[in-house]
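Open the structure in your viewer and follow the stops below, selecting each part as it is named. We begin with a single residue and then widen the view.

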Amino acid sequence: MSVHVKGITKKAVTILLGASMLLLCACKNPHEEAVAAEISQNYDIPKEKQLIVYTSHKEEVYLPIIMEFENQTGIYVEIHAGGTTELFKDVREASKESACDIMFGGGIESFEAAKDLFIPYDAIDKDKLDSRYTSDRGFYTPFTELPIVFIYNNKLVRKEDAPASWEDLLSEKWKGQIAFANPHSSGTSYTILSSFSQIVGEDKLDDFINNLDNQVLSTSGEIIPSVSNGTFLVGITLEETAKKNILAGDDITMVYPSEGTVSLPDGVAMVKNAPHSYNAGKFIDFVTGFDTQKYAMSRFCRRPVRKDIMLTVGFDKIKEIDFDIEKAAKSEESVFLLWDSLIKEEE
Amino acid sequence: MKKLLIKHSFKKKLFFIVLAITLSLVIFGGILTIQGFQARIKADHERDDMVQEEIINQRIEDILISTENVLDAISESKTLSGAVGPRSKSAQDVYAALYEVSAPIRDFSVVDIYFGGVSHYSSGRGDATRALPMGYGVLAKADKEMGKTVYDMDPNDVTLSGATLIIARKISDYGVGSYAVVRISEEALKKELTGAFNARDGFMLTNEFFRPICLAGTAEDGINLAKLRKNFFKRDVYNKDIKENIYIKNMKDTGLISIYITPPAFEESAVKAGYQIIIFQAFIGVLLCLLVASRMSTSISRPISILTMAMKQFRKGDFDTKIELNREDEFGQLASGFNKMTAQLKETIQDRVEAERKVNESRIELMQAQLNPHFLYNTLDTIKWVAKANQVPEVATLSSSLATILRTAISESQFCMLENELDLVKNYCDIQKIRFDDCFDLEIDVEKDILKAYVPKLILQPLVENSIIHGLEGRSDGKITVSALKIIKEGEPDALEIVVKDNGKGISDEMIALIESDDPSALEGHLGLKNVNTIIRLFYGKNYGIKACRLDDGTKITVLIPFSLKEPKGVMS
């Protein structure tokens with residue numbers, strides 16, 4: 001009797017299960033799926049039309065360039081934007097999973113430091129680029145040159161009094177009046193410190209830091225506003241930033257140091273394990289191409305790395321100092337040690 | 001215990017059957033209902049969505065067409081297409097013409113005449129930096145073909161969440177080229193589309209790379225656009241991870257894509273609630289099934305247990321057992337059938353007891369007749385020897401015959417062979433001859449092979465006695481014939497027919513009627529005949545017995561019994 005009951009139970013369970021399976025299958029509307037598949041098919045982006053770009057540029061810079069790249073090549077670009085330091089970390093992770101093609105933006109010293117992350121690629125117009133900053137083995141390609149310049153507040157500083165050279169920054173009258181960002185957070189600030197020691201001399205670096213008088217800004221973005229509003233009298237920043245703000249109406253003046261200045265470019269490079277390396281090459285060709293370089297100059301006040309572009313008015317010929325990137329990288333530890341010993345962090 | 005167990009399993013069986021039916025109805029019915037409902041609402045919803053999408057796309061199309069018309073008008077206007085060039089008109093004339101042609105679209109757009117990358121005439125108010133790069137972006141596109149309308153986004157005003165739409169056309173080859181440029185800002189477009197879509201919906205206008213020009217309504221956060229783009233990029237199904245309904249449409253050959261987004265027809269919570277109700281119903285169903293199963297099994301097992309009890313009682317000898325169920329279903333029928341059966345059985349058993357009692361009565365009478373057989377026996381033997389010694393041969397014969405009869409009569413066995421019975425008849429006749437002075441003859445006419453057949457003992461003697469006493473009364477030449485025949489009939493067991501015939505005065509009609517009346521008590525006073533008939537019927541049933549008929553001279557009495565060469569079992573043994 002109980003065996004019989006078990007049999008019935010089994011049958012009932014089987015029927016229930018079977019029927020519910022059928023129903024579950026019926027849940028997915030095949031018509032709906034077909035429609036979805038068709039739409040997906042229509043807008044499908046094939047692999048050869050894809051590119052993944054990690055960029056540390058600002059949206060206003062990378063977006064018009066990347067969109068023009070899309071328009072011209074028909075390649076869809078997936079964009080990951082962020083700060084230089086963290087983005088290099090992300091690229092390292094993405095490279096392992098073959099999920100990144102291009103690192104776009106960030107000083108070439110950062111690219112130099114992370115050479116193992118990239119595969120060499122020579123831009124189609126490599127011979128037309130400023131040879132000083134092209135990587136010998138093509139691990140990275142410079143995008144635009146960004147000279148270090150001084151700025152001063154027109155209302156508070158007379159033209160004659162304005163600092164004209166790196167040496168001038170050591171003057172007592174600028175003590176505590178120089179807008180300068182913490183090198184711990186700003187790569188540019190570190191480059192400025194290295195530039196100073198390479199131009200003026202390592203032994204004068206402590207004088208310069210002392211002359212800041214513990215007045216340190218937390219980010220480089222605060223330099224221009226704090227000079228504009230008179231918090232500081234002078235500041236050290238990049239040509240592109242200064243020009244842009246002057247165009248926007250800030251009452252400041254830009255000065256190219258008389259000893260010459262360091263003009264480190266930002267770079268672009270193809271990442272190891274790039275899943276769309278062919279398109280990545282196209283992208284490097286595109287950003288170093290004539291039109292993009294010209295556009296970057298006219299729109300973003302960035303000095304082109306191409307030699308065949310006539311500089312527009314406002315881009316003075318500058319005396320460039322050969323900057324020893326390797327030396328700068330080596331002395332990083334000692335510079336920071338010095339910085340930390342002289343600057344008392346405000347709590 | 002066993003009863004309980006059976007009842008239990010019966011309940012289980014019932015429970016599972018009822019459960020299976022109920023659950024399948026509740027669950028499948030419920031799911032079907034929900035899904036049917038869902039499908040229906042979805043379809044309705046989709047239809048509404050399509051209508052709404054049509055409206056907004058129509059609005060966009062209107063904007064594009066009117067813009068196209070303005071560009072056509074600018075191209076055709078010599079004043080405007082030649083605004084910068086050798087035959088250019090005065091600025092006032094150009095502006096007048098520009099305002100005139102741009103009137104239909106000026107609410108939502110700014111129309112410029114560019115010479116190279118620089119705007120020379122503008123219908124807009126201020127003059128913010130509206131320089132466009134040459135050889136890059138929209139002007140590069142427009143440069144490719146004179147007079148062709150191109151669509152792009154203003155590189156000066158582009159973000160990840162929207163951009164100013166530029167619709168441009170090259171209108172003159174003179175110098176670096178003149179271009180008519182129409183700008184529609186994100187805000188203006190949104191304003192134009194206000195009211196064209198439901199508050200719960202979203203709308204996106206993008207370029208062919210899904211870069212947004214305008215994100216409006218629920219699409220404003222750009223999350224769904226990012227998901228959509230990611231799905232296309234990953235080559236997944238386009239609406240993976242997107243709950244909302246997405247309708248994508250290419251805006252003709254403009255390279256623009258309009259995407260309409262509506263919330264899902266069914267909130268997930270509603271569907272979930274539906275399924276929860278089903279689960280609840282299933283739960284109630286289980287409880288109900290338990291109740292029904294226990295009720296039904298009780299209603300079936302209770303009468304069965306009553307029946308079982310009644311049968312037990314009946315087995316123990318209570319023939320008056322009756323069941324009262326008060327039900328009119330099959331169990332009621334069963335109970336009344338049982339009652340009828342017990343009643344009938346009781347009757348049958350009573351009949352049998354009665355029959356037994358009667359046989360016993362006969363036996364008691366017989367036994368009462370059996371005084372002290374040995375004493376009688378020895379006495380008869382003594383008489384025989386005394387008679388022989390005293391030379392009285394009749395007395396010797398008498399006592400000798402009587403002894404023989406006596407031996408047969410008192411023997412334990414109820415049957416004897418026909419030859420023994422015939423011997424007894426002979427001895428009896430010897431005695432009667434002496435008594436009645438030799439006034440009759442006995443003739444025995446029986447085939448040899450029948451002699452060995454078994455018959456109930458003492459069935460012939462009473463018949464012969466009847467003939468001698470009643471038939472041959474007062475005659476001196478009486479004759480009694482005893483004959484026997486084996487009767488073979490197809491389909492019936494063999495029978496033995498013994499006939500006792502006399503040539504006496506003949507049996508009376510009255511007697512014949514009494515013999516054939518089947519009522520043994522009617523033969524009162526003819527103890528012999530009555531006994532014979534009773535014995536035969538008790539032994540063999542009502543198909544056998546004696547029959548009498550009157551001949552021309554005398555009486556014929558026929559005894560019919562089954563033919564058997566083996567001693568049958570007696571009723572008493």
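Begin by selecting B:Arg407, which you will find in helix H10 of chain B, spanning residues 393-410; helices here are DSSP runs of H or I with at least four residues, strands are runs of E with at least two, and both are numbered from the N terminus. This is a predicted model, in which local features need pLDDT of at least 70 and side-chain atom pairs count only at pLDDT 80 or more, while totals for chains, interfaces and linings use all residues. Residues are numbered from 1 along each chain as its sequence is written, and chains are lettered from A and ligands numbered from 1 in the order in which they are written.

Next, select chain A, whose secondary structure comes to 13 helices and ten strands, and whose 347 residues are 42% buried.

Finally, show both chains together: 31 residues of chain A are in contact with 29 residues of chain B, contact meaning that the C-beta atoms, placed from the backbone, lie within 7 Å. On the side of chain A that touches chain B, H1(A) gives the most, with ten residues.

Conventions: A residue is buried if 20 or more other C-beta atoms lie within 10 Å of its own, exposed if 12 or fewer, and partly exposed in between; C-beta atoms are placed from the backbone. Two residues are in contact if their C-beta atoms, placed from the backbone, lie within 7 Å.
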